[in-house]
Amino acid sequence: MSKTKDFIIEQIKERIADFKPSAKEKTVGRVISVGDGIAVVSGLSVVQMSEMLEFKTESGSVLGVALNLGEESVGAVLLGGFTEVREGAEVEATGRILEVPVGPALVGRVVNPLGNPIDGKGSIAAAAQYPVEKIAPGVITRQSVDQPLQTGIKAIDAMIPIGRGQRELIIGDRQLGKTAIAIDTIINQKGQNMKCIYVAIGQKESKVATILAKLEEAGALDYTTVVLAGASDPAPLLYFAPYAGCAMAEYFLDQGEDVLIVYDDLSKHAVAYREIALLLRRPPGREAYPGDVFYLHSRLLERACRLNKDYGGGSITALPIIETQAGDNSAYIPTNVISITDGQIYLEPDLFYQGVRPAINAGLSVSRVGSTAQIKAMKKVAGQLRLEAAQYRELAAFAQFGSDLDAETTAKLERGRRLFEVFKQGQYAPVPVAEQVIMFWALTSGNLDGVPVDKIGEFESGFRHFLNVSHSELLATLSAQGALNDEIIASFQSAIEDYKGTLNY
Amino acid sequence: MSTTLRQYARALYEITRDQDKAAAKKSVDRTFELLQSKGLGAKGAELLAEVERLDNEAQGRITATLRSAHRLDEEVVEKIEKMIRQRSGAKEVVLDKVIDKDVLGGIIVSYGDTILDMSLATTVDQLVEEIKN
């Protein structure tokens with residue numbers, strides 16, 4: 001037995017031989033009062049704004065962030081462990097401004113806003129720690145947006161194209177498909193050399209579980225990170241979630257990569273910030289939001305940008321989501337975010353219930369980057385579509401009067417109906433850009449005029465399948481070149497005639 | 001915005017600094033009258049603590065606590081006082097010596113917002129963490 005004891009003692013001696021104890025110097029304060037997730041701390045005279053604080057409790061330390069720096073006390077938000085922090089507890093300043101782990105190890109993982117994994121797949125070996133708050137890149141470092149971000153949603157890629165580095169707002173009432181558009185866009189980034197980050201702010205955890213399952217099924221988790229601050233998480237975590245997600249995106253931006261980040265949704269984010277600000281006794285303004293609620297979103301969205309070659313040439317594209325109440329786009333937060341973003345995608349309940357899904361109102365939706373973010377082929381076929389859609393909507397009112405219309409108007413109406421049918425699309429079914437171009441070409445060249453309106457959907461899926469099976473080299477050529485020439489168009493024409501030959505309508 | 005107790009204390013301190021005894025007494029009485037009228041009459045002890053703090057600050061005097069497991073030699077205590085003076089920039093250090101068995105060995109010095117932990121207890125904790133990882 002003593003041999004074992006000696007052996008163990010030797011082992012321990014070896015283990016601690018390299019150990020060098022260090023004297024710790026720490027800056028401390030004491031909790032004066034704590035409640036509602038806010039702690040007021042005395043002392044800490046040299047603490048910085050947004051510095052992380054450690055509250056000593058019986059069961060370990062609880063993290064907090066200093067947000068109110070007063071003359072005599074510091075107001076801090078607690079990031080968990082509310083019931084454990086007591087009045088009089090010691091608070092240590094860590095000297096670190098709030099930062100999160102970033103790096104390739106985060107891809108395919110589900111984390112909370114502090115970077116801790118919550119998917120049960122083990123710990124994350126971060127490449128670096130990035131600060132959650134950062135000043136957006138300046139004018140000189142940027143480049144204008146000219147590369148397309150293909151969402152795979154026909155209505156968007158044709159009429160409201162999004163570019164890499166743009167901020168495009170998705171806005172609409174509840175249950176109209178806002179998250180569906182974002183998820184379809186993420187799924188369509190497979191093979192597009194993009195990293196994706198989905199930030200769920202205040203969402204139901206059941207909803208996020210469904211989304212995760214879909215992403216995994218579609219193979220999107222190979223390039224996507226999910227940052228989750230669910231509905232049951234405390235307001236400070238909801239407040240930091242989008243900034244943490246942006247910090248993770250900025251790591252890839254610094255490597256010269258393209259990133260897509262979805263903030264779902266910023267309305268809940270503003271509400272969480274309002275909760276924190278009111279508890280910190282900051283004066284309430286319009287709708288009880290604090291005075292800097294515009295800055296809350298502007299500093300987040302300005303970090304989405306396209307950098308020029310000298311700075312890596314990477315980009316962050318942001319798709320913020322805002323939920324309106326009863327279609328009120330002129331409320332405080334929606335108008336704030338509309339003025340910050342480079343365009344918006346309006347979803348309307350009327351369209352949704354008429355069966356037009358995605359329920360995008362092309363007239364009110366805008367992309368301020370526009371056709372610069374489209375490949376040449378798409379620009380050629382889709383250029384007129386927006387105008388035609390608008391004209392159809394005007395004419396559709398007259399269609400109710402029935403028969404007494406001249407041939408030209410009737411033709412326009414028929415074309416418009418087919419246009420709206422082509423734009424209808426199922427969920428989780430993004431369409432590659434080459435196939436989109438072919439469908440739009442078929443529409444604008446009159447090849448769909450002979451197809452009954454209610455068979456357009458069937459025609460489209462059948463034709464796309466036909467192309468993938470028998471004319472895949474044509475699709476590949478189009479994808480590679482990105483532009484239409486007479487040869488390609490002639491090939492399309494013969495392909496569509498072949499396909500029509502197999503139909504019985 | 002109502003005046004805080006600290007502001008009353010500061011006001012009293014600054015007024016009485018250059019006054020003679022009689023005038024100073026009048027100032028103190030007047031201050032307490034004011035506090036009474038604002039409903040802060042029971043806060044005499046806090047007012048005193050604040051005035052003392054201001055005086056310490058003005059004289060460059062700080063209070064510090066020295067925790068050790070055993071009594072320390074005068075030489076060692078003087079060295080520690082000197083270190084605290086250097087680090088805090090204070091001119092005078094009022095050192096409160098506390099014997100605390102939980103320290104195990106070494107010392108813990110605290111003054112103002114700072115704690116310098118050079119104790120054996122903390123070293124043992126660090127060692128335990130080291131072995132665990």
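## Basis of the model

The model is predicted, and local features need pLDDT of at least 70, side-chain atom pairs count only at pLDDT 80 or more, and totals for chains, interfaces and linings use all residues. Residues are numbered from 1 along each chain as its sequence is written, chains are lettered from A and ligands numbered from 1 in the order in which they are written, and side-chain values use heavy atoms, with hydrogens and water left out.

## Chain A as a whole

Chain A contains 16 helices and 18 strands, these being DSSP runs numbered from the N terminus (helices H or I, at least four residues; strands E, at least two). Along the principal axes, its C-alpha atoms fill a box of roughly 95 × 65 × 45 Å. Of its 505 residues, 52% count as buried, that is, under 20% relative accessible area with a 1.4 Å probe and protein chains only, where exposed is over 50% and partly exposed lies in between.

Chain A exposes about 22,500 Å², of which carbon and sulfur atoms supply 51%; accessible areas come from the Shrake-Rupley method with a 1.4 Å probe, and for residues only the protein chains shown count as cover. Among the contacts in chain A with a separation of 6 or more, 73% join residues 24 or more positions apart, a contact being heavy atoms within 4.5 Å.

## Strand pairing in chain A

An open sheet with mixed pairing is built from 8 strands of chain A in the order β8-β14-β13-β15-β16-β12-β17-β18, where two strands pair if DSSP finds at least two bridges between them. Its edge strands, each pairing on one side only, are β8 (110-111) and β18 (366-367). Strand β17 (residues 343-347) runs antiparallel to β18(A) over 2 bridges, and Q344(A) stands opposite V366(A) there.

Strand β6 (residues 90-97) of chain A pairs in the antiparallel sense with β1(A) over 4 bridges, and likewise β3 (residues 51-57) of chain A pairs in the antiparallel sense with β6(A) over 4 bridges. In β6(A), A93(A) is the bridge partner of T27(A), while V91(A) stands opposite F55(A).

## A buried arginine

R418(A) lies in helix α12 (residues 407-423) of chain A and counts as buried because its relative accessibility is 6%. Leaving aside residues up to four places away in sequence, R418(A) touches L443(A), L448(A), D449(A), V451(A), P452(A), V453(A) and I456(A).

Of the 40 residues that line it, G43(A), R6(B), R53(B), E57(B) and D113(B) are the closest to its centre. Elements of both chains each supply at least two lining residues, including β1 (24-35) of chain A and α1 (5-16) of chain B, and α3(B) gives the most, with 6 residues. The lining has 11 nonpolar, 17 polar and 12 charged residues, with Ala, Val, Leu, Ile, Met, Phe, Trp, Tyr, Cys and Pro taken as nonpolar, Asp, Glu, Lys and Arg as charged, and the others, Gly among them, as polar.

A pocket here is an open set of points on a 1 Å grid over the protein atoms alone, where a 1.4 Å probe fits, with protein on both sides within 12 Å along at least five of seven lines, and lining residues have an atom within 4 Å of a point.
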